[in-house]
Amino acid sequence: MIGCATMTNLAHLHARNAALNVLTLITSEGQPMDYALEQAFKNDQKLDARDKAFLRQLVTTTLRRLQLIDWALDRAMKNPLGKKDARTRNYLRLGAAQLLFMGVENFAAVDTTVTMIARDRHRGVQAKKNMANAVLRRIIREQDQIVAKIESFPLGHLPKWLRNRWLATYGEEVASAIARVQMNEPPLDLTIRPGESADEWAKKLGGQAIGGATVRLQKTGDIRKLEGFKEGKWWVQDIAASLPVRLMGNLAGLNVADLCAAPGGKTMQMAAMGAKVIALDRSSHRLKRLGENLGRTGLEATIIAKDVFKWTPDAPLDAILLDAPCSATGTMRRSPDVPFGKTLRQIGELAEIQEKMLARAFDWLRPGGTLVYCTCSLEPEEGEMPVAKFLEDNKSATRLPVRADEIGIDAPMITNAGDVRTLPCYLGPMGGMDGFFIARLSKTN
Ligand SMILES: C[S@@+](CC[C@H](N)C(=O)[O-])C[C@H]1O[C@@H](n2cnc3c(N)ncnc32)[C@H](O)[C@@H]1O
């Protein structure tokens with residue numbers, strides 16, 4: 001259970017209402033979680049810092065365990081809720097999350113949920129007040145059984161379409177381990193600026209150094225208040241996301257393009273190595289964040305707001321990083337909203353874009369240059385498959401196999417072909433890592 005003893009009273013009714021709105025935007029309208037939370041924080045002046053922390057925790061906990069919360073709700077209901085009852089279901093999901101996983105006192109979780117339902121003017125919601133009361137009280141009575149079931153069946157926490165895919169791709173043991181690690185709040189990883197010692201920063205910040213250049217923090221408050229933030233001694237980046245650039249070799253003085261660069265974690269790694277970086281992304285909004293990140297760290301890059309398919313470099317490049325747009329199914333630990341609004345068809349569409357982007361970007365590489373292709377997806381269609389197809393179709397491209405000693409992390413992440421496949425369950429006891437696919441290619445003529 002997630003300790004939350006200070007956040008239990010009715011004073012949080014406003015935050016709970018805001019949580020309902022955020023959850024609805026994510027589950028019914030497919031809005032990204034970070035965006036929906038950001039907008040709620042910006043537009044709702046009544047939310048104080050504690051409200052915001054509670055709201056974030058409530059929404060992320062609910063989404064992380066949504067499938068099993070729904071299972072618990074359905075078994076506690078006499079008559080199932082229909083599609084038109086989506087709003088009532090979201091109230092109940094939030095109530096159940098507080099009861100089952102957040103350590104909120106029973107009376108506070110039930111009273112606030114029922115009060116909100118009783119005050120809700122949306123059609124048909126008020127009529128569900130008594131039912132909601134009964135369902136939540138039944139969950140309280142059967143809490144131990146429900147939690148035991150949920151803990152013993154991590155696969156049940158995955159949406160069915162992803163569960164089936166991952167069972168087919170990775171097998172039951174690995175798929176269960178991935179699902180299990182996604183049930184909990186992940187730790188925070190910081191990439192330590194080249195030239196600084198990860199061990200030293202681990203001591204200063206009370207974290208753990210891993211892989212040579214990352215410090216993992218299990219607990220964080222406001223990261224802007226941590227030592228080294230203002231001076232740009234480190235930046236937030238999952239350890240798996242730091243690997244693609246680490247595999248590009250020494251980039252000092254080289255002309256490098258970071259395609260699909262925003263918000264810029266990898267741009268900063270390259271710039272800090274002394275590369276002359278073009279940071280290109282089609283989203284001006286996301287590039288604004290990249291600009292702020294560079295400003296804080298005192299690093300430089302040429303920022304270009306353009307679509308990869310509508311830009312060409314002036315001269316061939318020494319190295320290219322293609323962090324292609326993808327389904328992001330490898331990042332569900334941090335973004336439990338990833339499955340919403342995603343369909344199998346979209347994965348196929350993304351795979352087509354990735355193949356085209358890879359072919360286009362490879363043309364811009366000088367002979368002897370290196371291109372690293374990566375996606376934060378667990379789907380082979382977005383990693384292993386486009387790269388294999390590209391190598392088959394392009395005789396001037398060869399794979400530069402990655403060696404385990406280049407990574408420095410104790411996990412079996414090098415594939416037989418010599419690519420990197422990280423899984424969320426690697427470093428599981430420490431909180432896991434994002435799922436990435438990384439291939440390193442070179443141009444022969
Ligand atoms: C996985 S994110 C990149 C993360 C980034 N490399 C980092 O490490 O911080 C993918 C990015 O691709 C950008 N993108 C998607 N399609 C694009 C296109 N056709 N041209 C340029 N950028 C694109 C998105 O705006 C998004 O910022």
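Where is the place of Cys 260? Cys 260 sits in the loop between β5 and α12, and the report returns to this loop below.

## Basis of the model

This is a predicted model, in which local features need pLDDT of at least 70 and side-chain atom pairs count only at pLDDT 80 or more, while totals for chains, interfaces and linings use all residues. Residues are numbered from 1 along each chain as its sequence is written, and side-chain values use heavy atoms, with hydrogens and water left out.

Helices (H or I, at least four residues) and strands (E, at least two) are DSSP runs, numbered from the N terminus. Buried means under 20% relative accessible area, exposed over 50%, and partly exposed in between, with a 1.4 Å probe and protein chains only.

Trp 166, leaving aside its neighbours within four places in sequence, is in contact (heavy atoms within 4.5 Å) with Leu 158, Gly 171, Ala 175, Ile 178, Gln 182, Thr 329, Met 332, Leu 378 and Glu 379.

Strands pair if DSSP finds at least two bridges between them. On that basis β5 and β8 pair in the parallel sense over four bridges, with Leu 322 in β8 as the bridge partner of Leu 259. β8 and β9 also run parallel, joined by six bridges, and here Asp 323 has Cys 374 in β9 as its bridge partner. On to strand β12 (residues 437-443), β9 is joined by six bridges in the antiparallel sense, and Cys 374 stands opposite Ile 438 in β12.

As for burial, seven of the seven residues of β8 are buried, and the strand is mostly covered. Eight of the 11 residues of β9 are buried, so β9 is largely enclosed by the rest of the structure. Together with helix α14 (residues 344-363), β8 and β9 make a right-handed β-α-β unit, right-handed meaning that, with the strands pointing away from the viewer, the path from the first strand over the helix to the second runs clockwise.

Ser 327 lies in the loop between β8 and α14 and counts as buried, at 0% relative accessibility. The side chain of Ser 327 makes a polar contact of 2.5 Å with that of Glu 382 and one of 3.4 Å with that of Ser 377. A polar contact is a pair of N or O atoms within 3.5 Å; within protein, one must be able to donate a hydrogen and the other to accept it, and residues adjacent in sequence count only if both atoms are side-chain atoms. Leaving aside neighbours within four places in sequence, the residues in contact with Ser 327 include Val 338, Lys 342, Ile 347 and Leu 350.

Glu 349 has its place in helix α14 and is partly exposed, with a relative accessible area of 39%. Between the C-alpha atoms of Glu 349 and Gly 206, which are 143 residues apart along the chain, the separation is 43 Å.

## Ligand surroundings and backbone geometry

Around the ligand are 17 residues, of which Lys 266, Asp 281, Arg 286, Val 308 and Asp 323 come nearest; a residue counts as near if one of its heavy atoms lies within 4 Å. A polar side-chain atom of Lys 266 is 2.8 Å from an oxygen atom of the ligand. A backbone N or O atom of Gly 265 lies 3.2 Å from a ligand oxygen atom, and a polar backbone atom of Ala 262 is 3.2 Å from an oxygen atom of the ligand.

Ala 262 is also joined to Pro 263 by a cis peptide bond, with omega about 10°, and Pro 263 lies in the loop between β5 (255-259) and α12. In the loop between β5 and α12, Cys 260 has a positive phi of about 65° although it is not a glycine, and at 16% relative accessibility Cys 260 counts as buried. Leu 427, in the loop between β11 (420-421) and β12, has a positive phi of about 60° although it is not a glycine, and Leu 427 is buried, with a relative accessible area of 16%.
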